[in-house]
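Subject: Structure handover

Hello,

Here is the structure for your files. My notes on the two ligand sites follow it.

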Amino acid sequence: MTRNAPKADIDEAKLEIHKPKQWAAGVPGVAVSLLRSVEQMGTGRTVRALRMVNQQQGFDCPGCAWPEPQQADGEHRKLAEFCENGAKAVAEEATKRRVGPEFFAAHPVSDLAAKSDYWLGQQGRLTEPMVLREGASHYEPISWDGAFSLVAEKLGALSSPDEAVFYTSGRTSNEAAFLYQLLVRSFGTNNLPDCSNMCHESSGAALSEATGIGKGSVSLADVHHADLIVVVGQNPGTNHPRMLSALEEAKAGGAKIIAVNPLPEAGLMRFKNPQSPRGVVGKGTSLADEFAQVRLGGDLALFQAIGHLLLSWEDAAPGTVLDHDFIDGSSHGFEEFAKNLREIDWAAIDKATGLERRQIVRIARMICDSQRTVYCWAMGVTQHRHAVATIQEITNVALLRGMIGKPGAGLCPVRGHSNVQGDRTMGVWEKMPEDFLARLESEFGIPVPRKHGLDTVDAIRAMRAGKGKAFLGMGGNFAAASPDSELTERALSACELTVHVSTKLNRSHVVHGRTALILPTLGRTERDTQASGHQFVTVEDSMSSVHSSHGRLQPASRHLLSEVAIICRLARAVLGDEHAVPWAEFERNYDLIRDRIARVVPGCEDYNARVRQPDGFVLPHPPRDSREFQTGTGKANFTTSELEFPEVPPGRLLLQTLRSHDQYNTTIYGLSDRYRGIEDARRVVLVHAKDIAELGFTDGEIVDLVSEWEDGDRRAESFRIVAYPTARGCAAAYFPEANALVPLDSVAKKSNTPVSKAIVVRLARRD
Ligand SMILES: Nc1nc2c(c(=O)[nH]1)N[C@H]1C(S)=C(S)[C@@H](COP(=O)(O)OP(=O)(O)OC[C@H]3O[C@@H](n4cnc5c(=O)[nH]c(N)nc54)[C@H](O)[C@@H]3O)O[C@H]1N2
Ligand SMILES: Nc1nc2c(c(=O)[nH]1)N[C@H]1C(S)=C(S)[C@@H](COP(=O)(O)OP(=O)(O)OC[C@H]3O[C@@H](n4cnc5c(=O)[nH]c(N)nc54)[C@H](O)[C@@H]3O)O[C@H]1N2
Ligand SMILES: [Mo]
């Protein structure tokens, strides 16, 4: 059976279609989260676990990277500072189900490879280190020491450190991330691909050029105090539900919201806050004042049109639209940018966006009238070929009105994984700047390699070419999350060694190298006890706030090691006991790691003291703090881009791959996409009713999805067509089932991020 075919453990025929919801959260959200939690954890553990989420002495929610309210801003945390999907993330980790040696003895790897991601994840928590020896059919237990020596032996046999690839997913704590990159660089390579390469890399690339720093410029208080919030390519009702409370608060203060999305996502339309009486019994708060149902990949065109309108209104009434003080004093490149946008091709804009001109004018007018605008975006923007240019165009519009570095305004790329931003700050990046590498070198007195390493896409290319021979994953699910599933799985299978530090069973364990190891680890919710006592870790949210996270629950198994312990012991096995880095001491006491972070990572001075403050601390951000821009020009840069949008040949659709309401990336919690009205199945393709008819198909028909790329077709089998109110010509299917359709070479310019939101596909009848 191929990766791209349905799996027998899910009966897709059970699909039920309901009307998509017009509002998000509210009481059903709470009910679902409690039900799921009790199912996985039992009642006592549910109460204990959920009481600790996002509280100052509790653990950081392992769900998304949306920040918690800060005392310093006069805000307070609610008793339940989590959401339905955060509760699911906790339940998934704190589950009572276990995958131990008996499980592996009963299931040959070939059987596990035929299971769905859902089935694999539902089996429970991994409990002991397991090895799959060369040629063996089953994983078998191995001691921790045995596992570390095996990795050391295989890594030692490589002809160059650059033949090893060290992936990271964004749940890893700052302490573990810092040590991990130190281990990898001590070993001699910068091959540190991470999930961010597939996620917000485009935001980092765009913002670094434009503003000198690849992070968002707003705080939660800014969102609360904005008078206009533009939400582009993001589905907060599912992926950042706590953001809805922030939007509600902003609305209560009179803010307007513009949502730009090919889908009328429930969480953008109306919010019923379960923590307010109005949300429980009333109609809730209406969110989007303007819903622009843009075509996939049409955002660059939309923001160019907005820029054009602002410039033309300024020309008609000089001094009334643009923030001249900001443009003259703090920006660079305005003239060239303005020259490019004074003339635009409206026919192309119409085609790219599919929006009515009147609506674009209304939106531009709202932006023109706003004194405090926040721009939020996520994967609907970053996973396109022209993602970097699109983000820079959003930034241009913000700069025209001086919307950066002032209260209530700014740029807000909304991050995914709960510590993906922190991992980068700690040095998990294949191309960390020289300044960081030099500090690392002098702090530890070790040689640090300077040659840039492989990112995710290039790592797959290297493994495919036999140049990457060992793969180690610090969390995540590389096999399922990466593009071009079949090719990626072949690349992983060609490795000599694959090693995964994981909490739960997943596809990457069953698509394995010649020898494979599963190293089970503590989750964020669990107590972490080392020789010096209980340890806490630290994380950074989407708004650069760094704080502590205290695991509280009893670990899933007594054999588990923390990520920090695994890295330290692995380092000793690989680098030897004489190595200059005091790995054993780091394992014993995480304060010692934090002392080093304080000396190496810019902005983390006095780290141990500051992370112990109730809210932690906020990392410096020069544009936000003082309108300073550390770019080549020393100013905020306007960017000039050619108009670009995906071209779709006749008879084809443009497909986006997205998340259902019941999954966390490749971890599938259940088979319900409640807000979109899809129940009990996942192999669906959402298409506009008129497109279904025009293409000669019928609603409910089962088809294969065939993606067309220059090197040939890719096929994902058996998807049911569901008539859905998406933008015309556009379709949607769930990630990771549809990853088979994303060509490896289809990547964003400058960021190398796979283009997961614009795949040219045809629907094909099944023989
Ligand atoms: N519960 C839950 N929470 C999560 C995750 C999860 O899987 N489950 N994942 C986490 C991670 S790692 C991330 S990165 C974030 C992801 O958060 P999102 O970016 O919200 O995730 P997606 O499901 O990919 O949704 C993309 C949204 O963009 C829209 N979109 C797609 N293409 C375009 C386009 O061309 N233009 C515009 N304007 N809109 C477009 C889609 O219709 C959809 O609403 O969520 C994080 N939080
Ligand atoms: N087609 C398509 N592909 C995409 C996307 C898309 O929108 N469309 N989105 C992309 C994005 S935004 C992202 S971020 C990536 C996500 O890619 P990854 O981060 O690689 O994938 P996840 O599914 O989040 O990883 C889940 C696994 O992490 C492990 N895990 C969970 N918690 C912990 C922990 O605390 N420690 C350790 N060590 N392991 C843990 C569990 O074993 C679990 O099975 O996927 C990308 N791929
Ligand atoms: Mo992500």
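**Ligand sites**

Asn-477 has a polar backbone atom 2.9 Å from an oxygen atom of ligand 2, a polar contact (a pair of N or O atoms within 3.5 Å). Nitrogen atoms of ligand 2 are 2.7 Å from a polar backbone atom of Ala-481 and 3.0 Å from one of Val-501. Ligand 2 taken alone exposes 920 Å², and the protein buries 96% of that (Shrake-Rupley areas, 1.4 Å probe).

The model is predicted: local features need pLDDT of at least 70, side-chain atom pairs count only at pLDDT 80 or more, and totals for chains, interfaces and linings use all residues. Residues are numbered from 1 along each chain as written, chains are lettered from A and ligands numbered from 1 in the order written, and side-chain values use heavy atoms, without hydrogens or water.

Around ligand 2 there are 30 residues (a heavy atom within 4 Å); Tyr-167 and Glu-563 are among the closest. Domain 2 (118-199 + 422-521 + 558-604) and domain 4 (653-765) each give at least three residues to that shell (bounds from an automatic or database domain assignment).

For ligand 1, 32 residues form the surroundings, with Asn-261 and Asp-299 among the closest. A polar side-chain atom of Glu-265 is 2.6 Å from a ligand 1 oxygen atom, and a polar backbone atom of Asn-665 is 2.7 Å from an oxygen atom of ligand 1. The protein buries 99% of the 920 Å² that ligand 1 exposes when taken alone. Ligand 1 lies between domain 3 (201-414) and domain 4 (653-765), because both give residues to its shell.

Regards

Conventions
Polar contact = N/O pair within 3.5 Å; in protein donor to acceptor, adjacent residues only side chain to side chain.
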